[in-house]
Amino acid sequence: MTVIDCHGHYTTAPKPLDEYRKRQIAALKDPAQTPGRDMLKFSDDEMRASVASQLKFQRERGTDVTIFSPRAAGMSHHIGNAAVSLDWSQVCNDLIHRVCTLYPDNFIGVCQLPQSPGVRPDNCIGELERCVKDLGFVGCNLNPDPSGGYWTDPPLTDRWWYPLYEKLVELDVPAMVHVSASANPNFHHTGAHYINGDTTAFMQFLTSDLFKDFPTLRMIIPHGGGAAPYHWGRYRGLAQDMKRPPLDELLLNNVYFDTCVYHKLGIELLLKIVPIDNILFASEMVGAVRGIDPTTSHYYDDTKRYIDAADWLSDNDRRKIFEGNSRKVYRLDRISNQ
Ligand SMILES: [Zn+2]
């Protein structure tokens with residue numbers, strides 16, 4: 001069995017990438033600060049060093065492949081304009097491609113989109129196509145709130161997003177619904193904004209006919225689906241009150257959940273509530289929570305261990321969670337080396 005972690009970010013990119021971004025932001029006020037891409041000409045050795053810790057965690061935790069995307073908080077679509085977002089997305093996606101080229105057995109690329117608040121998502125189609133067709137990426141991260149916590153754009157189920165969905169369907173790649181940094185001081189980014197984003201996306205899907213319009217569109221809701229599995233009864237009941245179809249019929253051919261839940265009981269709840277066919281193994285390493293749980297002496301984000309410990313799962317269930325479901329959702333069998 002190949003253990004596929006469907007949610008990893010390049011949080012360990014070489015430092016000059018941060019400097020590039022700082023200068024890009026400074027250039028919004030002073031164009032003389034505009035950074036040149038020659039700042040980002042890293043040697044293969046520098047690139048290898050940057051993912052050494054990621055590879056070490058893969059080996060130690062027994063995962064084989066990470067579906068790898070740019071740092072999520074770093075996307076910060078609320079900063080600057082669409083042109084800035086495009087330049088920033090291109091440089092981040094190109095670095096993901098470098099990592100995937102150096103370690104084709106360990107990393108598979110997923111792209112950041114050049115979203116910008118108030119700008120129609122059609123502007124993301126070019127970069128999505130470049131990443132899938134030219135760089136061999138297998139999906140994208142889709143920010144449901146490019147404003148960074150103010151939710152100024154239409155819901156994910158609005159026709160506003162449809163041209164992008166048409167392209168996702170045409171390319172046959174999924175989107176992980178993933179917010180970025182919070183610009184709203186009410187919402188801590190990984191503690192509140194991320195989980196809000198996941199829960200909000202789930203409820204938007206529940207109240208719409210999006211998947212009637214796009215029966216083959218696939219969305220992954222990360223961080224265990226936010227609050228959805230824990231409040232499954234509420235969502236089932238709301239759907240029933242609204243005369244919507246049952247959740248399995250309404251959503252579960254199109255919506256998937258990852259296992260980025262950082263304690264055993266939380267993962268057990270996810271595994272028992274959500275059908276196994278809709279659960280994709282992930283850890284979001286190295287990322288949101290980096291410490292060691294003093295009650296277990298293991299890293300919080302070592303999520304494989306919680307699934308290994310769920311002794312009621314059959315071998316077939318485990319194969320689906322660790323490998324089969326990601327292969328299906330990301331269509332990995334079309335990549336020759338995997
Ligand atoms: Zn993430």
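Donors here are N, O and S atoms within 2.8 Å of the metal. In this predicted model, the zinc ion has donors from His-7, His-9 and His-178, each through NE2, and from Glu-284 through OE, at 2.0 Å. Along the chain, these donors are spaced as H-x1-H-x168-H-x105-E. What arrangement do the four donor atoms make around the zinc ion? The angles they subtend run from 98 to 123°, so the arrangement is tetrahedral.

The largest nonpolar core takes in 76 residues, and Tyr-165, Phe-202 and Phe-205 have the most contacts inside it. Helix H5 (residues 82-102) gives this core its largest share, seven residues. Apart from this core lies another one, with 18 residues, including Val-65, Val-110, Ile-220 and Tyr-256.

Next comes helix H8, which spans residues 189-206, 18 residues in total. From first C-alpha to last, H8 reaches 24 Å, close to the 26 Å expected at 1.5 Å a residue. Phe-202 and Phe-205 are among the buried residues of H8, along with His-193, Tyr-194, Asp-198 and Leu-206, to name some of them. What does Phe-205 touch beyond its neighbours within four places in sequence? Its contacts there are Leu-156, Thr-157, Val-177, Leu-210, Phe-211, Met-219, Ile-221, Leu-251 and Val-255.

Notes. Residues are numbered from 1 along each chain as its sequence is written. This is a predicted model: local features need pLDDT of at least 70, side-chain atom pairs count only at pLDDT 80 or more; totals for chains, interfaces and linings use all residues. Side-chain values use heavy atoms; hydrogens and water are left out. Helices (H or I, at least four residues) and strands (E, at least two) are DSSP runs, numbered from the N terminus. The expected span of a helix is 1.5 Å times one less than its number of residues. Buried means under 20% relative accessible area, exposed over 50%, partly exposed in between (1.4 Å probe, protein chains only). Donors are N, O and S atoms within 2.8 Å of the metal (3.2 Å for Na, K and Ca); water is not among the atoms, so sites may look incomplete. Four donors count as tetrahedral if all angles lie between 85 and 135 degrees; four count as square planar and six as octahedral if opposite donors are over 155 degrees apart and all others between 65 and 115; anything else is irregular. A nonpolar core is a set of buried Ala, Val, Leu, Ile, Met, Phe, Trp, Tyr and Cys residues joined through side-chain atoms within 4.5 Å. Contact means heavy atoms within 4.5 Å.
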